Amino acid sequence: VGSDVGFVEFVHARSAALLRLAVLLTGNRQDGEDLLQTALVKAYRSWWRLRSPELAERYVRRILVTSVISWRRRGAAREWATDRLPDRQVSGPAAAVADRVVMRQALGLLSPGQRAVLVLRFFEDLSERQTADLLGCSVGTVKSQTSRGLAALRRRVGDLVEDEQVGGEK
Amino acid sequence: MLEERLREYYHSEVAGLEATDLLPGVLAAGRRARRRARVLWTGALAAAAVALVAGLAGLSVRAPGPPAMHQPSASAAVPGVVMMAVPAAERLLAHDGFTVKVAREAGLEPLRRVIFQHPAAGSRVRPGTTVTLVISAGPVTGPGSP
């Protein structure tokens, strides 16, 4: 169908970036792919009114964040898979590997909303305003979720930071 | 400080992440869904057309003689409620003595109207039969607050 051309182009151009976002939102590759696939199917079905790549991008990103939040709300059906093996072999200095494992576990203990806000603010580098728009909540909520998320992370990752500083290694 | 570490962590987690080609799966699933939606709509339109024709025929037949509507009958005709707003559809069906069940179909337009009904409009069924209304739940809705 002719109208599929735009959609196919959109997926080719944007799926790598969208997959990165989805993987960080879910915490692992498999769930990230599932999440993105679901979102893309919805975008495909609504393509007749999305048309432009900008609208489509916004629509898909919104589905990614809102559905990852509602997945988690719905209960333990899907869990933050910290115990799963990473998809790629983690390499590098032992300290860096340990750092990542600790960070991943610490993120796993946050609420889904806090995780989503942190990903949007510090991976996507969205402003507080943009994050609020995407999530459909107030700037105040973004601020409080961000600071609560960071505080919780600091409590758990803090030890590691101190170890590193003592060891003088990085 | 922590913000920086978080940035680094995020980037190292997805560095070199190779994209999977999701397109074939997406297109296949999307086309299946489109077909389903088309069948629903076609069914709904056909049902509406049948109801209209049946209604007109009923009028013209009934016109000459006294109406025979108030005989206690073992069957009742299901009114057509497709495209009606949900409360109105529920009221109409309840008034005619039907039980109403509402099912939502996600991913369609945010019409909040009946997009399909079963049994179809004009079907003769036992009074009190449950009529299932499929209503559009709209596209993905906002999360409230994260």
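In chain B, three strands make up an open sheet of mixed pairing, ordered E2-E5-E3; strands are DSSP runs of E of at least two residues and helices are runs of H or I of at least four, both numbered from the N terminus, and two strands count as paired if DSSP finds at least two bridges between them. The model is predicted, so local features need pLDDT of at least 70 and side-chain atom pairs count only at pLDDT 80 or more, whereas totals for chains, interfaces and linings use all residues. Residues are numbered from 1 along each chain as its sequence is written, chains are lettered from A and ligands numbered from 1 in the order in which they are written, and side-chain values use heavy atoms, with hydrogens and water left out.

Strand E2 (99–105) and strand E3 (114–118) of chain B are the edges of this sheet, each pairing on one side only. From one strand to the next the twist averages 25°. Strands of a sheet pair through backbone hydrogen bonds, in either a parallel or an antiparallel sense. E2(B) runs parallel to strand E5 (residues 130–136) of chain B, with seven bridges between them; B:Val102 has B:Leu133 of E5(B) as its bridge partner. Helix H3 (residues 86–95) of chain B packs on the sheet and touches E2, E3 and E5 of chain B, its direction making about 175° with that of E5(B). Such angles run from 0 to 180 degrees between N-to-C directions, the axes being lines fitted to C-alpha atoms, for helices over the stretch in contact.

B:Pro119 sits in the loop between E3 and strand E4 (124–125) of chain B. In chain A, A:Asp125 has a positive phi of about 55° although it is not a glycine, and its place is the loop between helix H6 (112–122) and helix H7 (128–135) of chain A. Most residues other than glycine have a negative phi, and most peptide bonds are trans.

Turning to the interface, 41 residues of chain B are in contact (heavy atoms within 4.5 Å) with 56 residues of chain A. The two chains bury about 4,400 Å² between them, 62% of it on carbon and sulfur atoms; buried area is the accessible area (1.4 Å probe) lost on putting two parts together, summed over both.

Five salt bridges cross the interface of chain B and chain A, and the count over all chains is twelve. A salt bridge here is a side-chain nitrogen of Lys or Arg within 4 Å of a carboxyl oxygen of Asp or Glu. B:Arg31 and A:Asp4 form one such pair, at 2.7 Å from N to O. This pair joins helix H2 of chain B to helix H1 (residues 4–26) of chain A. A:Asp4 also forms a salt bridge with B:Arg34, with the closest N and O atoms 3.8 Å apart.
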